[in-house]
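Welcome! Please take a look at the sequence and the model below, and keep both at hand while you work.

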Amino acid sequence: MRKLSDLLPQPPWEGPPLPRGLLAKKSKPRNPNGGMTFVDFTVKSPDKTKSVQLRGMVDTGSTLTRIPTKVAQELGLEVFLRDVPSRLATGQTVPSDLARGYLEVKDKEAYDVFAVLEAETAAIGVVTLEAMGYKVNPVTGELEETEIYI
């Protein structure tokens, strides 16, 4: 009777097997936030007379930048579309309002559309991120400049 090991393909190399620790060693990410990227940014009113500084996650799974309702009210942002069904990362669909204003990240500023939600946290979405010419380095957790693709 043949053994199962006789039927399986054999390693392509000759010689002694590689040390077990060499194969099993996994590198640890250097990102101190466990793979998440957080940045400081400023949201400004359309006329740039008011601004609020925030710290939020860069969420490459989100389309739009999300800001709390209280920030939109403080800046006097005008909602141009109400109760837009928006899906959260949990799969839950919630209504959000859409408003326009300026967003400043590092040394760049852009006119943007914000999803306004009853939330405590803010997050920068991928459309904003890419339109401003940034990408996330998953190893360091930092924003890096990149080309804008059209």
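Here are some exercises on this predicted model, each with a worked solution.

**Exercise 1.** Find out how many helices and strands the protein has, and in what pattern they follow one another.

*Solution.* Start by counting: the protein contains 4 helices and 9 strands. Next, walk along the sequence, and the pattern reads α-α-β-β-β-α-β-β-β-β-α-β-β. To finish the overview, look at burial: 33% of the 150 residues count as buried.

**Exercise 2.** Work out how S2 pairs with S1 and with S7.

*Solution.* Take S1 and S2 to begin with: they pair in the antiparallel sense over 8 bridges. Within this pairing, Phe 38 has Met 57 in S2 as its bridge partner. The two strands form a hairpin with 6 residues between them, and in the turn Lys 48 has a positive phi of about 65°. Now turn to S7, residues 123–125, which pairs with S2 in the parallel sense over 3 bridges. Here Met 57 stands opposite Ala 123. Put together, Met 57 has Phe 38 as its bridge partner and stands opposite Ala 123 in S7.

**Exercise 3.** Identify the residues that touch the most other members of the largest nonpolar core, and the elements that each supply at least two of its residues.

*Solution.* The core has 23 residues, and those touching the most other members are Phe 41, Val 43, Leu 54, Ile 67 and Val 105. The elements that each supply at least two residues are strands S1 (37–44), S2 (51–59), S5 (93–105) and S6 (108–117), together with helix H3 (69–75). Now pick Ile 67 and set aside its neighbours within four places in sequence: its contacts include Val 43, Leu 54, Ala 72, Leu 77 and Phe 114. As background, nonpolar side chains in soluble globular proteins tend to be buried together.

**Exercise 4.** Find the aromatic pair, then decide whether Tyr 111 is buried, partly exposed or exposed.

*Solution.* A search of the whole structure gives 1 aromatic pair. Its members are Tyr 102 and Tyr 111, 5.1 Å apart centre to centre. The angle between the planes is 65°, and the pair is edge-to-face. For Tyr 111, the relative accessibility is 46%, so this residue counts as partly exposed.

**Exercise 5.** Which residues lie over the faces of Tyr 102 and Phe 80?

*Solution.* Over the face of Tyr 102 lies Lys 48, at 4.4 Å from the ring centre. Lys 48 is also the turn residue with the positive phi. Over the face of Phe 80 lies Arg 100, at 3.8 Å from the ring centre.

Note on methods
Residues numbered from 1 in each chain as written. Predicted model: local features only at pLDDT ≥ 70, side-chain atom pairs only at ≥ 80, totals over all residues. Heavy atoms only, no water. Core = buried A, V, L, I, M, F, W, Y, C linked by side-chain atoms within 4.5 Å. Buried < 20%, exposed > 50% of the residue type's maximum accessible area, 1.4 Å probe, protein only. Contact = heavy atoms within 4.5 Å. Phe/Tyr/Trp six-rings, centres within 6.5 Å; stacked < 30°, edge-to-face > 60°. Lys NZ or Arg CZ within 6 Å of the ring centre and 35° of its normal. Pairing = 2+ DSSP bridges.
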